[in-house]
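Hello,

Here is the structure I promised to pass on. Please open it alongside this message; my notes follow below.

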Amino acid sequence: MQKNVLITGASGFIGSFLVEEAIRKGYRVFAGIRASSSRQYLSDPSIHFLELDLMDSVAMQQTLQQTAEKYGAFDYVIHAAGITKSLHLSEFYDVNVASTQRLVNILQQQQLLKEKFVFISSLASYGPGVGNDPITALSVPNPITAYGRSKREAENLLYQTTDFPFLVINPTAVYGPRDKDFLFVLQAVQQKLELYVGSREQLLSFVHVADLVKAVFLSMESAHTRRNVLVSDLANYTTAEMNRIIKQQLGVSAIAVTVPTWIAVFAAVLSEAVGNLRGKVPLLNRERLKEFRASNWAATCTELENLGYRPAHTLDSGLADTIAWYRGKGLLK
Ligand SMILES: NC(=O)c1ccc[n+]([C@@H]2O[C@H](COP(=O)([O-])OP(=O)(O)OC[C@H]3O[C@@H](n4cnc5c(N)ncnc54)[C@H](OP(=O)(O)O)[C@@H]3O)[C@@H](O)[C@H]2O)c1
């Protein structure tokens with residue numbers, strides 16, 4: 001029998017790929033979106049759209065109950081809705097924590113979940129690794145941003161919920177077609193600018209969105225519950241290696257510019273002020289800068305490897321694919 005999966009944040013970068021994979025795997029897919037959400041990447045006619053504003057508990061309960069009455073309870077819920085940047089730090093709590101609590105309460109109290117709730121958290125909920133040791137699922141969390149703390153708080157509330165089967169997925173930096181954040185880095189390098197903040201070399205990890213999506217379904221369909229699953233491409237990179245790969249894939253050379261930390265902070269304050277005036281979250285802000293400056297985002301994904309996860313992409317092949325997509329859309333030369 002066809003299984004039901006609800007995917008929140010279906011209109012987002014990661015959510016839209018989760019929807020495609022769920023359809024490919026034969027699920028009946030319920031895409032949780034808002035009235036204002038874009039449906040640009042949700043064109044498959046088999047998608048059942050559910051208008052779910054996570055801030056509105058009453059409307060959300062009504063929609064989920066009515067859907068379950070018609071199609072049966074949800075076998076799986078993948079909760080990918082969330083915010084990664086905001087002009088107001090309190091918004092991280094409102095959306096990433098309180099909304100997750102609202103959704104979990106409804107699913108539990110109304111008995112709308114059959115198998116598993118999958119929470120798309122982030123490596124940021126752990127904070128950077130200590131020394132040069134990679135972050136593991138068992139690392140002691142020490143998030144350094146409001147975003148990371150909100151994701152950790154949401155994870156904690158899941159662990160405090162009894163009789164509720166869930167998995168927490170902690171992806172590292174995700175890139176791929178449709179993403180807008182990494183485009184900025186690529187555009188800077190194409191302008192022959194290879195930026196470093198501060199003098200320290202960083203350890204980084206990445207995952208192509210197609211591999212993340214495979215990892216989510218592999219974990220979700222496994223017998224594992226009530227644990228964290230870290231997701232990367234199983235490699236770790238230095239900043240210099242990342243830049244070398246970007247330059248190679250773009251076919252350009254660039255000048256390495258090391259921006260002193262105080263200038264980067266000044267630029268972040270300035271871009272926040274402009275962002276506040278325009279009502280738009282700038283890509284460069286002080287919270288983001290904390291992540292840029294942390295020296296170790298290396299990760300080890302033992303849980304996934306034990307499940308047989310083999311990513312299709314390294315950063316080289318993943319960026320080749322992503323750059324080709326950007327070029328096809330005229331976003332890169
Ligand atoms: N991208 C990364 O590198 C990365 C890394 C680790 C973890 N993650 C996590 O992965 C998830 C998806 O990230 P993404 O990169 O795909 O972000 P995204 O493109 O910004 O998508 C976010 C999604 O959440 C929805 N959303 C936000 N607030 C909502 C609300 N109040 N009610 C209902 N829906 C709401 C958005 O809906 P609208 O379209 O209507 O705005 C959108 O569909 C997030 O939870 C993020 O923390 C991302």
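**The sheet**

Seven strands make up an open sheet with parallel pairing, and their order is β3-β2-β1-β4-β5-β6-β11. The edges are held by β3 (48-51) and β11 (228-231). Each has a single partner strand, so one side of each has no neighbour in the sheet. From one strand to the next, the twist averages 20°. Please keep in mind that this is a predicted model.

Strand β5 (residues 113-120) and strand β6 (residues 166-171) run parallel and are joined by four bridges. Phe119 has Val168 in β6 as its bridge partner. Between β6 and β11 there are again four bridges, and these two strands also run parallel. Here Val168 stands opposite Asn228 in β11.

Which way do the residues of β11 point? Asn228 and Leu230 point one way, while Val229 and Val231 point the other way. All of them are buried.

Helix α1 (residues 13-24) lies across β1 (4-8), β2 (28-33), β4 (74-79) and β5. The helix runs at about 170° to β1. Helix α2 (residues 57-71) also packs on the sheet, where it touches β1, β2, β3 and β4. The direction of α2 makes about 150° with that of β3.

**Helix α11**

This helix covers residues 315-328, 14 residues in total. From first C-alpha to last, α11 reaches 19 Å, close to the 20 Å expected at 1.5 Å a residue. Which of its residues are buried? They are Leu315, Gly318, Leu319, Thr322, Ile323 and Tyr326. These residues cover an arc of only 130° around the axis, so they sit on the same side of α11. The spacing has a simple background: an α-helix has 3.6 residues a turn, so residues three or four places apart point the same way.

Arg327 and Gly328 are on the other side of α11, and they are exposed. What covers the buried residues? The cover includes β7 (173-175), α5 (181-190), β10 (206-208), β12 (237-238) and α7 (239-250). After α11 comes Gly330, which has a positive phi, near 75°.

**Ile255**

Ile255 is found in strand β13 (residues 255-259). Is Ile255 buried or exposed? Ile255 has 8, so it is exposed. Leaving aside residues up to four places away in sequence, Ile255 touches Lys192, Leu193 and Glu194. Lys114 is another matter: Ile255 and Lys114 are 141 residues apart in sequence and 54 Å apart in space, C-alpha to C-alpha.

**The whole protein**

The protein has eleven helices and 13 strands. Its C-alpha atoms fill a box of roughly 60 × 40 × 35 Å along the principal axes. A compact globule of 333 residues would have a radius of gyration near 20 Å. The protein has 20 Å, so the two agree. Of the 333 residues, 40% count as buried. Among contacts with a separation of 6 or more, 77% come from residues 24 or more positions apart.

Best wishes

Terms used: Residues are numbered from 1 along each chain as its sequence is written. This is a predicted model: local features need pLDDT of at least 70, side-chain atom pairs count only at pLDDT 80 or more; totals for chains, interfaces and linings use all residues. A residue is buried if 20 or more other C-beta atoms lie within 10 Å of its own, exposed if 12 or fewer, and partly exposed in between; C-beta atoms are placed from the backbone. Two residues are in contact if their C-beta atoms, placed from the backbone, lie within 7 Å. The expected span of a helix is 1.5 Å times one less than its number of residues. The arc is that of the directions from the helix axis to the C-beta atoms. The radius of gyration is taken over C-alpha atoms; the globule rule is 2.2 Å times the number of residues to the power 0.38. Two strands pair if DSSP finds at least two bridges between them. Axes are lines fitted to C-alpha atoms, for helices over the stretch in contact, and angles run from 0 to 180 degrees between N-to-C directions.
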